[in-house]
Amino acid sequence: MFSKILIANRGEIAVRIIRACRELGIRTVAVYSEADREAMHAQLADEAICIGPAKATESYLNVQRVLSAAIVTNAEAIHPGFGFLSENSQFASMCEECNLTFIGPKSETIDAMGNKINARKLMIEAKVPVIPGSEGVLATVEEALAVAEKIGYPVMLKAAAGGGGKGIRKVMSKDELPAQFDSAQQEAKAAFNNGDMYIEKIIYPARHIEVQILGDHFGHVIHLGERDCSLQRNNQKVMEESPSVVISDEKRALLGETAVRAAKAVGYQNAGTIEFLMDTSGDFYFMEMNTRIQVEHPVTEMVTGIDLVKAQIRIAAGEELKIKQKDVTISGHAIECRINAENPAFNFAPAPGTIENLLLPSGGMGLRVDSAMYNGYKIPPYYDSMIAKVIVHGENRFDAFMKMQRALSEIVTDGLMTNAEFQLDLITHESVLAGDYDTSFLQETFLPTWEPESD
């Protein structure tokens, strides 16, 4: 086992990893930007080192500075969390060159699955169902038009190196496609330095279902059930739950087996997620693989009792998976709501500020809050607006929803605008309570009629 790990991240995920390391008896090194000098992760770690200015490209995304921090502090491994360098295959490769263990899959696996076009080809070879679409890179708008005409509108334009909702455009007709192609390609070039595009048929309406997998260095791969992530705004997840109300036990077993087959096809090691779209007839199609821990991993931890971050560390240290597929059981129901420093009434504009009075929900069984907030903390404006995750577990879905309603109603963040009220309104909507929603629900049904409370 490692004696010291550097966490190449910030915010609640950095705090989450530090706590897991502490419980494993592992010392930690936090890296922080000048804007995060007073951040909780920098205070909780055994050591902390500043790696640059507030701008992420000069700090958290600066590979040389992160690696230098690991070397000078004698860290043995680096945990990238999610975002930033977590799916950067070059960074993973450079860790290996510096004799540092990258807590995640191999660099070649990140490459193979990070390029969505290549991932489609690999999944087809593994007999994993994929969404109908283009077979390779679309070099021109004319090629895109030809593919769209063949598979039929509406279609989704996607960046091959995409992620986080960037480089994605819904196209309803051929008249829209040229402008949308140029727009998505430019966004992809700016975000990923890669303008390769492809097209997929839109599965609509659909459920966004993802399967958590774990793979070790001995070829063992297991799945830990599914998460329903269909409540989204602008392709960004808002609330997640496990298990999904639309998945039967028979379908759940098939979905899990398919995810394991997909992971084995690329020799996957560590924690990862296979994402699917499911149509109204119950057929599911591979969408992409996330080669890292997910924001919503706590819901899986809640229903399985398996600590995914600790599992990541143990796998990276060379340990064999002690859990077999037959040992995995899904118990009860879990929900996660993402709390962001944003103003839902003004198109969810980021709303950084200083927390003057903070009260996070607590008490009772099956309640967890992952956060890096504290009284007097000034939320910097330079990074993602997510500041906390509220996660609940109940004996059943009704119990979990009632617990989440209680938890959200207790949140106090004086001095800081958040989306807590919006989340509470969302999870008390009759359609959400009934499980009757899909990827279009939030944008097309809920938001057009939602009215924020006036002060």
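## Salt bridges in a predicted model

At 0% relative accessibility, Asp 228 counts as buried (buried means under 20% relative accessible area, exposed over 50%, partly exposed in between, with a 1.4 Å probe and protein chains only). This is a predicted model, in which local features need pLDDT of at least 70 and side-chain atom pairs count only at pLDDT 80 or more, while totals for chains, interfaces and linings use all residues. Residues are numbered from 1 along each chain as its sequence is written, and side-chain values use heavy atoms, leaving out hydrogens and water.

Searching the whole structure gives 26 salt bridges, each being a side-chain nitrogen of Lys or Arg within 4 Å of a carboxyl oxygen of Asp or Glu. Here are three of these pairs, including the one made by Asp 228.

| Pair | Closest N to O |
|---|---|
| Lys 4 and Glu 47 | 2.5 Å |
| Asp 228 and Arg 207 | 2.8 Å |

Asp 228 sits in strand S10 (residues 221-233) and Arg 207 in strand S9 (residues 207-215), so their bridge ties together parts 21 residues apart in sequence. Strands (E, at least two residues) and helices (H or I, at least four) are DSSP runs, numbered from the N terminus. Arg 207 is buried too, at 8% relative accessible area.

As for Arg 10 and Asp 36, both are buried.

Finally, one network of salt bridges links Glu 210, Arg 227, Lys 237, Glu 240, Glu 275, Glu 296 and Arg 338.
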